[in-house]
Amino acid sequence: MRQPNWTASVADQTGVRAIPPGLHFVSTPIGAARDITLRALDVLAGADLLLAEDTRTLKHLMEIHGVSLGTRHVMSYHEHSGDAVAARLIAALREGKSAAYASEAGTPLISDPGFVLARAVVAEGLPIFAAPGPCAAICALTVSGLPSDRFLFAGFAPTTGSARLRYLEEFAAVQATLIFYESPKRVGALLADLVTTCGGARHAVVCRELTKRFEEVARGTLAELVGDFADRALKGEIVVLVDRALPEEASAERIEAALDGALQTMSVKDAASVVSQSLGIPRKMAYRIALERSKGGD
Ligand code: SAM
């Protein structure tokens, strides 16, 4: 069957340029095949060398999008690959060739291989690029409804009980949305250990099968989610997100002391704003107390 000359047609339509020499990390879909980016297809179509964590997955993706392999074959590179593939890659890059690497799904290096290649390429002073795109952590954060101003990607927690508890304890007080990857078999155990380390009142979100047919997003407190998932035999791919630590309830004395301190150098409005943020109390309440204190009330 005739393969479409994809590079030429896209180049004609969008004026894309040739792929520059260097290693290109290509993000691929985490579910819906159409989540591939046009630039990812450009890179796959134009790279001299193709490397993949799973060669069959990459070939299938290229076939879906009509990107011809031509005379290229796809080299396998996964977490157990020795140094030989990296050495071949470096030699090709030194000759001014371009190479594309795709992991099984999503963004390479994010709980996927790629870091060792990146380190080797950077150490050689050779060019390195990303064709950015899907990533389950970012997709989950986007739909979670949890604060996105600060987040911490914690990857997969250890699989054994005591190691997992120690791992989660490290993150319990972090002032950021926590993002974990987990296998469906262990989601119940992860949620239970999160209750132990972070407390049942913390808000959390479980995202399953993002961008796929049976996509599901469950929200609640950790205590509620433990109950919801206790009896469910889950399948599919899962991301668990946990809201940041709840602010300690500030006592009246602490609020007044903080406002008195702030009022030494700030207006009532600014002092109220700063203290409401730092102590996690409503701005109106902070303003009312600041106003009283600025007038000399006790
Ligand atoms: N590199 C990928 C990325 O950018 O997200 C992650 C690869 S890691 C080996 C696979 C894990 O990512 C899964 O176990 C799951 O936790 C998460 N994941 C991947 N695809 C997902 C999806 N469609 N829905 C929910 N979680 C997903």
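Visitor: Which helix does Arg164 lie in?
Guide: Arg164 is in helix H7, residues 161-171. Helices here are DSSP runs (H or I) of at least four residues, strands are E runs of at least two, and both are numbered from the N terminus. Before we go on: this is a predicted model, where local features need pLDDT of at least 70 and side-chain atom pairs count only at pLDDT 80 or more, while totals for chains, interfaces and linings use all residues. Residues are numbered from 1 along each chain as its sequence is written, and side-chain values use heavy atoms, with hydrogens and water left out.

Visitor: Okay. Is Arg164 buried or exposed?
Guide: Arg164 is buried, at a relative accessible area of 6%. Buried means under 20% relative accessible area, exposed means over 50%, and partly exposed is in between, with a 1.4 Å probe and protein chains only.

Visitor: What does the side chain of Arg164 reach, then?
Guide: The backbone oxygen of Thr159, at 3.3 Å. That's a polar contact: N or O atoms within 3.5 Å, where within protein one must be able to donate a hydrogen and the other to accept it, and residues adjacent in sequence count only if both atoms are side-chain atoms.

Visitor: And which residues does Arg164 touch?
Guide: Leaving out residues up to four places away in sequence, Arg164 touches Ala157, Pro158, Thr159, Arg186, Ala189, Leu190 and Asp193. Contact means heavy atoms within 4.5 Å.

Visitor: Switching to H6. Which of its residues are buried?
Guide: In helix H6 (residues 136-144), they are Ala136, Ala137, Ala140, Leu141 and Ser144. Down the axis of H6 they fall within an arc of 135°, so they line one face of the helix. The arc is taken from the directions from the helix axis to the C-beta atoms.

Visitor: What covers the buried residues of H6?
Guide: The cover includes strands E6 (151-156), E7 (177-182), E8 (203-208), E9 (216-221) and E10 (238-242).

Visitor: What follows H6?
Guide: Gly145, with a positive phi near 80°.

Visitor: Now aromatics. How many aromatic pairs does the structure hold?
Guide: Six. One of them is Phe25 with Tyr101: the ring centres are 6.1 Å apart and the planes are at 90°, so the pair is edge-to-face. Rings of Phe, Tyr and Trp (its six-membered ring) pair if their centres lie within 6.5 Å; planes under 30 degrees apart count as stacked, over 60 as edge-to-face and the rest as tilted.

Visitor: Which strands do Phe25 and Tyr101 lie in?
Guide: Phe25 is in E1 (residues 22-26) and Tyr101 in E4 (residues 98-102), so the pair ties together parts 76 residues apart in sequence. Phe25 counts as buried at 8% relative accessibility, and Tyr101 is buried at 0%. Phe25, Tyr77 and Tyr101 also form one aromatic cluster.

Visitor: What's the strand order in the open sheet of five strands?
Guide: E3-E2-E4-E1-E5, with parallel pairing. Two strands pair if DSSP finds at least two bridges between them. E3 (74-76) and E5 (128-131) stand at the edges with a single partner strand each, so one side of each has no neighbour in the sheet.

Visitor: How many bridges between E2 and E3?
Guide: Three, in the parallel sense, with E2 covering residues 49-52. Leu51 stands opposite Met75 in E3.
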